[in-house]
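This briefing concerns one protein model and describes selected local features. Please consult the sequence and the structure below while reading.

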Amino acid sequence: MAYASIASLMRTIELLLTSNSPMQSLICDYKEEFLALQGKVSSLEVFLKNFEKSNDTEKMAYLESQIKDVTNAVEHTIQLRLTEAVMANDEIQKEKEHKRLFDSLKQVAEEIDHVQNESPNIQDYNTASHYQRKWLLEKLTQYGGSSGNLKVISIIGMGGIGKTTLAKEVYDYESIRSHYDVRAWTTVSQHYNVKDILESLLHSTMRDRFYMGDESELADMLRKSLIGRRYLIVMDDMWSSNAWDDVRHCFPSYNNGSRILLTTRNKEVAYYAGTENLSLQMNLMDPDESWNLAKSMVFANEAFPYEFETIGKQIAEYCTGLPLAILVISGLLSKSKRTVEDWENIAEDVLSFVTKDPYERYVHVLGLSYNHLTSDLKACLLYFGIFPEDSEISVKSLVRFWMAEGFLKSEKDLEREAEKCLQDLIDRHLVLVCKKSLDGTKIRSCKVHDLIHELCLRELTQSQDIFVMKDIVFDKSYEDDDLDEGDDSGGDGDSDAKKAQSHAFPLESHHLSTHKMQPFKRWTDDGMCLALLTPEHDHLISRQTDDDDYTLLKRTRSIFSFCLNSTFTINPELIHFSLLRILDLGTTKLISFPPHVLCLIWLRYLALSGTGEDFYVPPEICRLWNLQTLIIVKLNFPGDVTFTEKIWELMQLRQLRLHKFYLSNPPRESDDEESYLAFSNIHTISGLSPSSCTKEVISGIRNVKKLVICGYANDYEIFQRSGLFNNLAHLHQLETLSVELVRKWDSPATIPSIAAFPATLKKLKLVSTGVNWEDLNIVGELPNLEVLKLMRNACIGKEWYPIEGGFTRLKLLLIVHCDLKYWKATDIYSLQLIELTDCTTELEASAARIQQEQEDLGIKPVDVRISCKYKII
């Protein structure tokens, strides 16, 4: 019985806290930890009692088993660690055992949290038992003696069994975070690129403080960044021993407890890396576990109708114990009508495919779920196939692509419709959430499982009824041209996300003109550019005449470049892509703006990166009257883009993103002096100069929801002195505002009054503005402000005293790189998260004090996260 185990553990903790035992002084040293643990166990008992009311006997039995295992293990661990600490013979051994006790107390607290917070969610679910999870945590945190040597640990199991989920769960444990100096994660995949692996690891070990060298230089930088640090490296989805050989020399071995964690489908790969005795084998679920998982997914917060049990068990059993297949079929069942007849129809479809091969069954189940999607959801899901396997995809980029392709039904709020489609795919367990915003309200990035990615590619190959994928292969005769390649490969947020999901191809020049299309090769290094074709014209690929080739180009609707750091030249033949909707060259470099793009009047999405002083956006950009998204990244020089009034003729524009640009006043729409042309569909503007915020421009962008104002100090002085700040109040749909200065100025900026801000504002970010802390009292009056980000000396001064009654809805406060030493925010009761990066130790202590004061007042304490982003090695 779980209650007996809970009672035993509670009694043990109570005796430790109250009795005069030989270990009393030791207990006093860790009294707070024991009291916190006592509270968690008590809460667990209440949780179990409340769960009994659900009358779900099977789920109750499973939960009791979990609680009993955990509480027994916790009691055993506490008693063992205390015994070892008391029996230690010398001071060195005592110190070591005290540290083990402290680490164990944190670990067992997390184990209890895991049981209580475990919910039916694909992001958190895995088939690992409590003891498997405990074993993995122990192996990752063991230190001392031979355990201090660098060790490689592996999680082995078939695709979809939960290897990555378990690794991610453990990777994010607080005890793991605190145990290691640095943690880094990379996804290897079947078709891997060594340079990509090294770059992704360096982004964790050095953040952005490294240059993009060649493979050997990156390997050397990674090795040096790990020297002297206790590190945890996760290499997810490793398929071959060659991948291990390519990077193993980057990991220095010191007696400091560093670990490498591999996930792989292949035992031989795990053993080759030296993990035969340090491997965790994940097994398929048995029929009862399969049904319990399916049932909890479909009827998560509802009483279970028993008339579904027989047919439900048949469906679950067909999945042969693979969690991913069970979750996907559960997503289909949860979206169906809750009738036995509907479930019987689904069961008939599932069971009609007779095979004993487990893999073929999984493929059938995933395909069945796909077939039940609406046509718009099918198109949205298949779009994941254009990205490399295991890619973490920016949701912003994905949404813009979906809009440009015309997949969405809504004619007004396309962004919201896209979010609904994405959430529907997530609810069906076809798409995984990777990252959320700090406040947890927005999905920042997502991906699909390998098996779902295979499904997308298989459907694209077999049906070709939505679009056809082809590789664009460049004519080798053009690749020897001597063109300036520039130094960097920067980009905006979308381009940065693309880098993380693209293969790093050699630095070279390409002409997007003379080429041929070949069948898609699933992301080999030959796949430099990807084209999507309208399906009914795909038969033209087999024809060889020039006329037919040009007809084929006219049927090409989207072109994506995955060439990093390559210089492009676009020749006049581009005009033959006359029906192109998407041209995404955001990760490449263009010496000058390609004038031939202006002939592509059906373009809806255009992303370009300029790398020379000759790169400017011509007024004729207004010819692209269908344009929804315009992203221009200018590299290697400080020049700005100036848009003339012609830009206002782009009536469909929804996204306008540049590093910094000037926007001329819109022309009058009629003789009426107050009537101007406007971007009526605009959603996001990024990079607008402060001096462009005139009354006329603000009127023209009045529907904008997200605005990033970026300029130099003199721009901002004009912004303030001319009263342009006050014009922002007329943006009645604005939810997110960022004000960013390119460089810090001598005199502080000021915030005029609350009247300068629209009342709809929910998120505010200030970067290098240098305002006085007391000016934030004005910001505190905003009635709907939930997120405040203050970055790179956004405010100046050593102390901050928020006005009483301000920030009534603030949930998240982010402060990056500032000299603030003291602040008081105890009465901001809505605050849920304080994140401090590169701040003073005094400020960190101040945040911890606020946390304690709230707890003393009986308020749920704010979560405080502290990090040092740019630690120099």
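The model is predicted: local features need pLDDT of at least 70, side-chain atom pairs count only at pLDDT 80 or more, and totals for chains, interfaces and linings use all residues. Residues are numbered from 1 along each chain as its sequence is written, and side-chain values use heavy atoms, with hydrogens and water left out.

**Parallel sheet**
- Strands β2 and β3 (residues 231-238) run parallel and are joined by 7 bridges.
- In this pairing, V182 stands opposite Y231 of β3.

**Surface tryptophan**
- W625 lies in the loop between β16 (605-610) and β17 (629-634).
- W625 counts as partly exposed because its relative accessibility is 41%; buried means under 20% relative accessible area, exposed over 50%, and partly exposed in between (1.4 Å probe, protein chains only).

**Positive phi angles**
- S768, a residue other than glycine, has a positive phi near 55 degrees.
- The loop between β23 (763-767) and β24 (771-772) holds S768, and S768 is buried, with a relative accessible area of 8%.
- D838 is not a glycine, yet has a positive phi of about 55 degrees; D838 is located in strand β30 (residues 833-839).

Methods. Helix = DSSP H or I, 4+ residues; strand = E, 2+ residues; numbered from the N terminus. Pairing = 2+ DSSP bridges.
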